[in-house]
Amino acid sequence: MNIYIKHDHRRLFEIVLKEQFELLNVDYKLSGMGEINIADKTTKEQFKSLTSALSRYGIEIVDSQKSTLVQKIKDAIIEMVWDDGKLPASKISYYLSKKLNHSYGYLSNLFSEITYTSIENYIILQKIERTKKMILEDEMTLTEISYHLNYSSVAHLSSQFKKTTGITPSTFMRVVNKRKLNLANTI
Amino acid sequence: MAAEKIIKVLLADDDAEDRILFKEAIESLKVNTSLTLLNDGIQLMEYLYKNGDNLPHIIFLDLNMPMKNGLECLQEIRKNNKFKDITIAIYSTSGSEKDIEDTFVQGANVYIKKPNDFNSLKRVLLEAITKDWQYHTSGLNKETFFLSI
């Protein structure tokens, strides 16, 4: 029997954090997506255990200032792409620079230096990721998705999908479905 | 997540000349990588079982290898949950839509049609490695990571 599930990544994230911090007895406060304020009395040992406990969930504590800012840029982009109604109608460069209080030139250079990709490409990658998820949830047509993600046309989204993944949205769907079948047959 | 982190790359290819070209191409990129070169599928599987705590981020797999070919390795790797985080890039001479689709269905993430010249090789390797890196560092869904170049 197959069941289908939906999930809220932010909620998952917050629950995991809560469990792990409570387990290790560390006082904390979430001060934004990806920013946590921990009690000053936290010991080195607690911090170490926390780092390894969180790494099991793919959560990494970033320490250097540059990495922190890059993480903030990523968070801002993820929020922009994944939360409905957040995609700015105006220039994205203006939106990011205003939100993070740095010039876009600075943010853009820093981002490329640390991540091996550009802010522009990262935004495209996130938009295509969201498109993939929406295709698989099968609630919207590609045309509706393109409208939802501020593409000028469905053709524009299709070509960006092909450029980013090398395959078309319909091949993508076929591959994922065949993979599921494959998996079901081997179990 | 920071650029100082090393991207672990592995190539399994039975052709010595292809291995040298691959090595030169990777080393010429402005990306911090460590490279492991292996000659065939048997060596590859032995390496993976032995290095469970230090697995590569991405494996480039030649399809045509003696003894154990790329497709057999792909299936064996995908059957093992320990290797689920490894990205598999298939390195093939064929560029047919059907071959591409079939390898994705079998669990590959990246499909590369072997380029004919060195500059194209550098370009496709850079694209595969840096895009894969986003999946390792941004929590993107690896289950739906496909790239055909």
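Analyst: We can go through the interface between the chains and then a sheet. This is a predicted model, in which local features need pLDDT of at least 70, side-chain atom pairs count only at pLDDT 80 or more, and totals for chains, interfaces and linings use all residues. Residues are numbered from 1 along each chain as its sequence is written, chains are lettered from A and ligands numbered from 1 in the order in which they are written, and side-chain values use heavy atoms, with hydrogens and water left out.

User: How many residues of chain A and chain B are in contact?

Analyst: On chain A there are 29, facing 28 on chain B; contact means heavy atoms within 4.5 Å.

User: And how much area do they bury?

Analyst: About 2,500 Å² between them, with 53% of it on carbon and sulfur atoms. Buried area is the accessible area (1.4 Å probe) that two parts lose on being put together, summed over both.

User: Which residues in chain A lose the most?

Analyst: A:Y116, A:L125 and A:R179, which together make up 29% of what that side buries.

User: How many salt bridges cross the interface?

Analyst: The rule finds two; it asks for a side-chain nitrogen of Lys or Arg within 4 Å of a carboxyl oxygen of Asp or Glu. One of them pairs A:K178 with B:E101, and their closest N and O atoms are 3.2 Å apart.

User: Which helix gives the most to chain A's side?

Analyst: α9(A), with eight residues. Helices (H or I, at least four residues) and strands (E, at least two) are DSSP runs, numbered from the N terminus.

User: Switching to chain B. What is the strand order in the sheet?

Analyst: It is an open sheet of six strands, β2-β1-β3-β4-β5-β6, with parallel pairing. Two strands pair if DSSP finds at least two bridges between them.

User: Why is one side of β2 and β6 left without a neighbour?

Analyst: In chain B, β2 (33–38) and β6 stand at the edges with a single partner strand each, so one side of each has no neighbour in the sheet.

User: How many bridges join β4 and β5 of chain B?

Analyst: Four, between residues 87–92 and residues 110–113. Within this pairing, B:Y91 has B:I112 as its bridge partner. The chain gets from β4(B) to β5(B) through helix α4 (residues 97–105), a right-handed β-α-β crossover: with the strands pointing away from the viewer, the path from the first strand over the helix to the second runs clockwise.
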